[in-house]
Amino acid sequence: MKASYIKKSLLKRVNFMQEHVADFVRNPGKDFTRKRKCPFESLILLLLTMESHSLKRELRRFFPKTGANVMTRSALVQQRAKLNEVAFPFLFYQLNDDLPFRRLHKGYHLLACDGSDVNIPPLEDDTKTKVPSNTKGVTFQQMHLNAVYDILEERYVDISVQGKAVANERKAFLEFVNRNPLQGKSIYIADRGYFSLNVLAHLIESSTSFLLRMNAANIHSSFIKRFKLPDQNEFDIDLDFYVCRSRKKEHLKNPAKYVYVKNNKEFDFIPKGDRTAIYPISARLVKLMLPTGEAEYLLTDLPRNKFDIAELRILYNLRWGIETSFRFLKYNMALSCFHSVRRDFILQEIYARIILYNLTMQLAHTVTPSCDSRKYTCKVSVSDAVVTCRDFLLYRIKNEEIEARLLKYLTEIRPGRLFPRKTRSKRFVPLINRV
């Protein structure tokens, strides 16, 4: 896929939205009907290419030729307020349709599902985003970004944004599974927090393959501790059991065969109060040993003849790609720097940053670095590619210059590198005191 085609696809969708602007504004027939300094197309491109600077500097960067007649900040706010909640999600999903996901592993799309907290400017009345801090009586505000990420394409397939105080990752996961837009077979790869019997049943009913990490058997709330597991460093066994809402003597005597779900717990395939129905589940449970000496348990329905223990180890390690993408989103695409306290404006910027990330990774995949003279294999540097992508979208780089610009900034791939994960508290970047 050529860089020119990627840009053309974006502009084509933006032009389509401009032609049908009534579907994407709050006041159809009124909004974006008069000639302004920042028409619909310019507004979308401005929001897509915003960085972490003040609004004044963002406007001067986007409108470099207007001089003293540059658009004011209040005018930009008025233009942004005209967009409805459909505009940017529509652009995100339509671009994914126009630029299809083709990379497969043994005939499967590899989809990592995870979430990340995004710090946002405070707004006193917003209780859905307010969470307590470690200091008594002090709160801060966050949104929770749930995402499905194609590991091979290095792009986001689907997202859902929730207030941190009301966030429900499993509910978001079920929405992702039920509306999977990709054609063909997919493998959903998720961490421990996503497992539940309800999620597992939905995955089975959707005929979607899965690879879920489980809590270790020695943890009190672990699901797998009910089963008799082999006393081995690594194993690969089959689990066959029934889910039910009854506690008959037969069920109590066989906790590994009959898994009881309380009436106050969600399980969509047995109605609450139904004491006769049972739901069969079959899956593989695999135990792996990590280099640190810790055990890792994975639950999957993948066929053993195609995906042995070594293959599952590789697949689950690939899930780390979505964690890396969150880092690029926050610090290279400026997801941690918002230009308003308004929640609808923040949602606009979240979608805009993710669209920019997808476009950046697609541009990076249009070139193949030659690393013959280097010790390690190389890839395009994402932190530099996003600068190139912004300039390309703003017509500062010509089509024929893209390849040379991307290949100028490379980074080495060093497999097997391990670093301790540093957990530090972060806060939003204030709207004042920005450069």
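1. Let's start inside: Phe92, Leu95, Asn96, Leu99, Arg155, Ile355, Asn358, Leu359 and Gln362 line the largest cavity. Here a cavity is a set of points, on a 1 Å grid over the protein atoms alone, where a 1.4 Å probe fits but cannot get out, and lining residues have an atom within 4 Å of a point.

2. A word on the source: this is a predicted model, where local features need pLDDT of at least 70, side-chain atom pairs count only at pLDDT 80 or more, and totals for chains, interfaces and linings use all residues. Residues are numbered from 1 along each chain as its sequence is written, and side-chain values use heavy atoms, with hydrogens and water left out.

3. Back to the lining: α5 (87-98) and α11 (343-364) are the elements that give two or more residues, and α11 gives the most, with four. Helices here are DSSP runs (H or I, at least four residues), numbered from the N terminus.

4. The largest cavity has a volume of about 60 Å³, that is, the space filled by probe spheres set on the points, which are joined across faces, edges and corners. A search of the whole structure turns up one cavity of 30 Å³ or more.

5. Now for a helix pair: the axes of α6 (residues 169-178) and α7 (residues 197-205) come within 10 Å and cross at roughly 5°. That makes α6 roughly parallel to α7 (angles under 35 degrees count as such). Axes are lines fitted to C-alpha atoms over the stretch in contact, with angles from 0 to 180 degrees between N-to-C directions.

6. Who touches whom? Arg170, Phe173, Leu174, Val177 and Asn178 in α6 meet Asn198, Val199, His202 and Leu203 in α7 (heavy atoms within 4.5 Å).

Terms used:
Parallel < 35°, antiparallel > 145°, perpendicular 65-115°, else oblique. 1 Å grid on protein atoms, 1.4 Å probe; cavity = no way out; pocket = protein on both sides within 12 Å on 5 of 7 lines; lining within 4 Å.
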